Amino acid sequence: QSLSNEKSSERFIVVGLFSTAVSYSLFLIALRVFAFHYLTSSVISFVMTVFFSFLLNKNWTFEFGDTKSKKTVIKYYAVYRLVTIELIVLRITVGELGIIPEIANILATGVSACHNFIGTKFLVFNKG
């Protein structure tokens with residue numbers, strides 16, 4: 001049985017907030033503790049968080065019991081591969097607008113959140 005749009009939207013927000021908190025924490029660790037460049041820190045946090053969020057979205061947000069997990073993972077990564085949008089926003093906000101990376105990362109994450117929801121709901125976990 002398919003989850004209602006409202007319920008899946010609410011669950012996506014919960015997973016997104018939790019994943020964003022984990023991702024941002026990893027971003028700060030890479031940036032401040034290991035002194036990586038802010039773009040490198042963003043990629044590291046993305047790679048480390050995306051599989052975790054995939055599992056939560058697959059099993060809880062959209063309750064997608066597809067047995068073709070490999071294909072679903074590939075589609076999920078394809079949607080999230082567009083993290084380049086986030087990196088472009090991050091580069092512009094830091095490099096051109098002079099916003100500190102810690103704040104710019106939050107802004108860039110916000111820009112990509114809507115895209116990620118639409119992509120995961122309709123391209124990855126679409127039961128129709």
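Tutor: Let's start with a term: a salt bridge is a side-chain nitrogen of Lys or Arg within 4 Å of a carboxyl oxygen of Asp or Glu. Keep in mind that this is a predicted model.
Student: OK, how many salt bridges does the structure hold?
Tutor: There is 1. E102 pairs with R32, and their closest N and O atoms are 3.3 Å apart.
Student: Where in the chain do E102 and R32 sit?
Tutor: In distant parts of it: E102 belongs to helix α5, residues 101-124, while R32 belongs to helix α1, residues 5-33. The two are 70 residues apart.
Student: And E102, is that buried or exposed?
Tutor: E102 is buried, at 14% relative accessible area. R32, on the other hand, is exposed, with 57% relative accessibility.
Student: New topic. Which residues make the nonpolar surface patch?
Tutor: That patch is made by I29, V33, F34 and F36, and it covers about 400 Å². One of them, V33, lies in helix α1.
Student: Why does V33 count as exposed?
Tutor: Because its relative accessibility is 60%, and exposed means over 50%.
Student: Got it. What about T61, where is its place?
Tutor: T61 is in helix α2, which covers residues 38-61. T61 is buried, with a relative accessible area of 0%.
Student: What does the side chain of T61 make a polar contact with?
Tutor: With the side chain of N57, at 2.8 Å.

Methods:
Residues are numbered from 1 along each chain as its sequence is written. This is a predicted model: local features need pLDDT of at least 70, side-chain atom pairs count only at pLDDT 80 or more; totals for chains, interfaces and linings use all residues. Side-chain values use heavy atoms; hydrogens and water are left out. Helices (H or I, at least four residues) and strands (E, at least two) are DSSP runs, numbered from the N terminus. Buried means under 20% relative accessible area, exposed over 50%, partly exposed in between (1.4 Å probe, protein chains only). Patches are made of residues with over 30% relative accessible area and no salt bridge: like charges are joined within 9 Å, nonpolar side chains (Val, Leu, Ile, Met, Phe, Trp, Tyr) within 5 Å. Accessible areas come from the Shrake-Rupley method with a 1.4 Å probe; for residues, only the protein chains shown count as cover. A polar contact is a pair of N or O atoms within 3.5 Å; within protein, one must be able to donate a hydrogen and the other to accept it, and residues adjacent in sequence count only if both atoms are side-chain atoms.
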